[in-house]
Amino acid sequence: MGKKVLRKFTATQTPVAEDQILDVWNTWLQFHAGARGRAPQLSESRRAAISYAIGAYGLELSRKAVEGCSLSEFHMGGNDLGKKYNSIELIFRDEWRVKKFASLVE
């Protein structure tokens, strides 16, 4: 099996406001956190992914992408492995995914 490659999110040209980052993070918690015991933390890698997405795609499209991922049966565990593929890093991996997930809401 191949080595997993994680995308490194780089800072956007324009600084993103902390309240916008928290808005997207809270949206993710609302749709994806579930009841797995300990609450997920807003790590630096998650913060960087959210900041990148807001800078690249805007706040509303970023929020819609997070919500849209929750509407994808495959990404929410309805796949052969029964595994969820709904991490912030996956949702914001590239423009295609962001637009695909957002379109599920629209």
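Predicted model: local features only at pLDDT ≥ 70, side-chain atom pairs only at ≥ 80, totals over all residues.

Trainee: OK, where does α1 run, and how many residues has it got?

Mentor: Helix α1 covers residues 18-32, so to speak 15 residues in all. From first C-alpha to last it reaches 21 Å, close to the 21 Å expected at 1.5 Å a residue.

Trainee: Which residues in α1 are buried?

Mentor: I21, V24, W25, T27, W28 and H32. They sit on the same side of α1, because they cover an arc of only 155° around the axis.

Trainee: Why would residues a few places apart point the same way?

Mentor: An α-helix has 3.6 residues a turn, so residues three or four places apart point the same way.

Trainee: And what do the buried residues of α1 pack against?

Mentor: They pack against α2 (44-57), α3 (59-70) and α4 (88-91). The face turned away from the buried side of α1 carries D19 and Q30, which are exposed.

Trainee: What happens just after α1?

Mentor: G34 takes a positive phi there, of about 65°.

Trainee: Let's go back to T27. Why does T27 count as buried?

Mentor: Its relative accessibility is 4%, and buried means under 20%.

Trainee: What does T27 touch?

Mentor: Leaving out residues up to four places away in sequence, T27 touches R63 and V66. A polar atom of the T27 side chain also lies 2.9 Å from the backbone oxygen of D23.

Trainee: Switching topic: how many aromatic pairs are there in the whole structure?

Mentor: A search finds three. One of them is Y52 with Y57, an edge-to-face pair at 6.4 Å centre to centre, with 80° between the planes.

Trainee: Are those two tyrosines, Y52 and Y57, buried or exposed?

Mentor: Y52 is buried, with a relative accessible area of 18%. Y57 also counts as buried, at 18% relative accessibility.

Trainee: How are the rings of F74 and Y85 arranged?

Mentor: Their centres are 5.7 Å apart and their planes are at 10°, so that pair is stacked. F74 and Y85 are eleven residues apart, and each lies in the loop between α3 and α4.

Trainee: What about the accessibility of F74 and Y85?

Mentor: F74 is partly exposed at 45% relative accessibility, and Y85 is partly exposed with a relative accessible area of 24%.

Trainee: Last one: what sits over the ring of W28?

Mentor: The charged end of R46, 5.8 Å from the ring centre. W28 is also one of the buried residues of α1.

Conventions: Residues numbered from 1 in each chain as written. Heavy atoms only, no water. Helix = DSSP H or I, 4+ residues; strand = E, 2+ residues; numbered from the N terminus. Expected span 1.5 Å × (residues − 1). Buried < 20%, exposed > 50% of the residue type's maximum accessible area, 1.4 Å probe, protein only. Arc of directions from axis to C-beta. Contact = heavy atoms within 4.5 Å. Polar contact = N/O pair within 3.5 Å; in protein donor to acceptor, adjacent residues only side chain to side chain. Phe/Tyr/Trp six-rings, centres within 6.5 Å; stacked < 30°, edge-to-face > 60°. Lys NZ or Arg CZ within 6 Å of the ring centre and 35° of its normal.
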